[in-house]
Amino acid sequence: MKSRGFTLIEMLVTVSLVAILASVIVPITQMSIQRVKEQELKRDLREIRSAIDAYKEAGDNGRIYRTADSTAYPESLQTLVNGVVDVKDPKGRKIYFMRRIPIDPMAESSTVSPELTWGLRAYRSEPDNPQAGDDVYDVHSLSGRLGLNGRPYKEW
């Protein structure tokens, strides 16, 4: 009577082949996940920066009330979502610049408010040392990690 099971050598060869395949697939999967998060970060930065620029343009066109000493940039990211009254609209309707504030995909915690996941730069802040202030001139990621391109996410 002939046995129909695996021999120890066949089992070891099979297990080692599976281990080799897993050691190749895991890094590739992790890299593709990171690439997707980086694409999301680029899209979110573009969306927020476009909204900031649209707010500034509306202010320059006289559609948003501002004082003489104002920089014409929003006071917070939430202002872009809450909207501002269009002073040129006879009915006093609001202008909205974003539907919601996206969460920084590189943020360590997703339990905090989306606005708190972004680093803010005020208009009067230096470009090489961005600091928050009275307005929002630009945003950046708070992550200290490096991207696949070798640049830190906070410099994107």
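Modeller: Start with arginine 63. Its relative accessible area is 33%, so arginine 63 counts as partly exposed. This is a predicted model, so these are features of a prediction. The protein averages a pLDDT of 89, and 97% of the residues score at least 70.

The side chain of arginine 63 meets that of aspartate 86 in a salt bridge, at 2.7 Å from N to O. Where do the two partners lie? Arginine 63 sits in the loop between α1 and α2, and aspartate 86 in the loop between β1 and β2, so the pair ties together parts that are 23 residues apart in sequence. Aspartate 86 is buried, because its relative accessible area is 8% and the cut-off for buried is under 20%. Arginine 63, at 33%, is partly exposed. In general, side chains of opposite charge can pair when their charged atoms come close.

Now step back along the chain. Just after α1, glycine 62 has a positive phi of about 80°. Aspartate 60 belongs to helix α1. Aspartate 60 has 43% relative accessibility, so it is partly exposed.

Aspartate 60 takes part in two salt bridges, one with lysine 56 and one with arginine 66. With lysine 56, the closest N and O atoms are 3.0 Å apart. Lysine 56 and aspartate 60 are 4 residues apart in helix α1, so about one helical turn separates them. With arginine 66, the closest N and O atoms of the bridge are 3.2 Å apart. Arginine 66 is partly exposed, at a relative accessible area of 34%. Together, Lys56, Asp60 and Arg66 are linked in a network of salt bridges. The structure as a whole holds 6 salt bridges.

What else does aspartate 60 touch? Setting aside neighbours within four places in sequence, aspartate 60 is in contact with Arg66 and Ala72. Aspartate 60 and alanine 72 are 12 residues apart along the chain, and their C-alpha atoms are separated by 7.3 Å.

Next, look at the helix that carries aspartate 60. Helix α1 covers residues 8-60, which makes 53 residues. From its first C-alpha to its last, α1 reaches 78 Å, close to the 78 Å expected at 1.5 Å a residue. Several residues of α1 are buried, among them Leu45, Ile48, Ile52 and Tyr55. Glu38 and Asp44 are also on the list of buried residues. What do the buried residues of α1 pack against? Their partners are α2 (77-82), β1 (84-85), β3 (118-121) and β4 (138-141). As for confidence, α1 has the lowest mean, 91, and α2 the highest, 95.

The structure has 5 aromatic pairs. Tyrosine 73 is buried, with a relative accessible area of 11%. Tyrosine 137 is partly exposed, at 30% relative accessibility. Ring pairs also bring in Tyr123, linking Tyr73, Tyr123 and Tyr137 into a cluster.

Technical notes:
Residues are numbered from 1 along each chain as its sequence is written. Side-chain values use heavy atoms; hydrogens and water are left out. Helices (H or I, at least four residues) and strands (E, at least two) are DSSP runs, numbered from the N terminus. The expected span of a helix is 1.5 Å times one less than its number of residues. Buried means under 20% relative accessible area, exposed over 50%, partly exposed in between (1.4 Å probe, protein chains only). Contact means heavy atoms within 4.5 Å. A salt bridge is a side-chain nitrogen of Lys or Arg within 4 Å of a carboxyl oxygen of Asp or Glu. pLDDT is the predictor's confidence in each residue, from 0 to 100. Rings of Phe, Tyr and Trp (its six-membered ring) pair if their centres lie within 6.5 Å; planes under 30 degrees apart count as stacked, over 60 as edge-to-face and the rest as tilted.
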